[in-house]
Amino acid sequence: MQMKEEKKPVEERRQALRIIGAIGTTCAFPFSADELYGQHEHSTSSLKSAQLPKPSFFTEKELAQVSRVADLIIPETDTPGAIGAGVPAYIDMVCSRNAELAETVRKGLQGMPETITEGVLMRLQDEQSPFFRAMKNLTADGYYTSKIGLIEELGYKGNTVLAEFPSCTLPEH
């Protein structure tokens, strides 16, 4: 996903992330199926920084930074954003089990300014920062395997049988 210098509307980012989410469901996750984040119950109400769960890997300051970055990547709109879907807890869990990712994220957090803005993330994306790539992927994975991302955002029905698959009506196909 290329971000331009001008500010992109939230809905355009959401649409791009929906596509990433759909692609991500076919990718290999670092956990067995019963450990995927979407297999667990999560609060559907938006969480504020003060209500973040106690981290198991990160310090509380680091988890607040992770939350801010995730919130900028998938902000709240008509559905809860990354924080409301429990993405910071997902990232904390993944980093507690993956030393390489943990090192990338922790090193990136150390270089973060006190105030993390969309401009900071755009600069990191332009620099092809390993931290930004890791956070974007972790945020999309956590969001689109959560109930909010998978069911509310993507409309996944699950356990349904289709008599036939609808055909594509786009002219280029």
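This briefing covers the helices, the nonpolar core and a few selected residues of the structure above. The model is predicted. The protein chain has seven helices and zero strands, so that its elements, from the N terminus on, read α-α-α-α-α-α-α. Buried residues make up 40% of the chain's 173 residues. Of the contacts in the chain with a separation of 6 or more, 76% are between residues 24 or more positions apart.

**Nonpolar core**

- The largest nonpolar core holds 33 residues, and Phe-58, Ile-91, Val-105, Leu-121, Phe-131 and Met-135 touch the most other members.
- At least two residues of this core come from each of helix H2 (60-73), helix H3 (87-97), helix H4 (99-110), helix H5 (118-126) and helix H6 (130-144).
- H6 gives the largest share of this core, with eight residues.
- Leaving out residues up to four places away in sequence, Val-105 touches Phe-58, Val-66, Cys-95, Phe-131, Ala-134, Met-135 and Leu-138.

- Eight of the 11 residues of H3 are buried, so the helix is largely enclosed by the rest of the structure.
- These buried residues are Val-87, Pro-88, Tyr-90, Ile-91, Asp-92, Met-93, Val-94 and Cys-95.

**Contact of H3 with H4**

- The axes of H3 and H4 are 5 Å apart, and the two helices pack at an angle of about 120 degrees.
- That angle makes H3 oblique to H4, because 65 to 115 degrees counts as roughly perpendicular and over 145 as roughly antiparallel.
- On the H3 side, Val-94, Cys-95 and Arg-97 take part, and they meet Ala-99, Leu-101, Ala-102 and Val-105 of H4.
- Six residues of this contact are nonpolar, none is polar and one is charged.
- Val-94 and Cys-95, which meet H4, are also among the buried residues of H3.

**Thr-139 in H6**

- Thr-139 is found in helix H6.
- Its relative accessibility is 0%, so Thr-139 counts as buried.
- The side chain of Thr-139 reaches the backbone oxygen of Met-135 at 2.7 Å.
- Apart from neighbours within four places in sequence, Thr-139 is in contact with Ala-70, Ile-73, Ile-74, Ala-82, Val-87 and Ile-91.
- Among these contacts of Thr-139 are Val-87 and Ile-91, both listed with the buried residues of H3.
- Pro-88 and Thr-139 are 51 residues apart along the chain, and their C-alpha atoms are separated by 8.0 Å.

**Lys-107 in H4**

- Lys-107 lies in helix H4.
- At 63% relative accessibility, Lys-107 counts as exposed, because the cut-off for that class is over 50%.
- The C-alpha atoms of Lys-107 and Phe-131 are separated by 7.7 Å, while the two residues are 24 residues apart along the chain.

Definitions and conventions:
Residues numbered from 1 in each chain as written. Predicted model: local features only at pLDDT ≥ 70, side-chain atom pairs only at ≥ 80, totals over all residues. Heavy atoms only, no water. Core = buried A, V, L, I, M, F, W, Y, C linked by side-chain atoms within 4.5 Å. Buried < 20%, exposed > 50% of the residue type's maximum accessible area, 1.4 Å probe, protein only. Helix = DSSP H or I, 4+ residues; strand = E, 2+ residues; numbered from the N terminus. Contact = heavy atoms within 4.5 Å. Axes fitted to C-alpha atoms, helices over the stretch in contact; angles between N-to-C directions. Parallel < 35°, antiparallel > 145°, perpendicular 65-115°, else oblique. Nonpolar A, V, L, I, M, F, W, Y, C, P; charged D, E, K, R; others polar. Polar contact = N/O pair within 3.5 Å; in protein donor to acceptor, adjacent residues only side chain to side chain.
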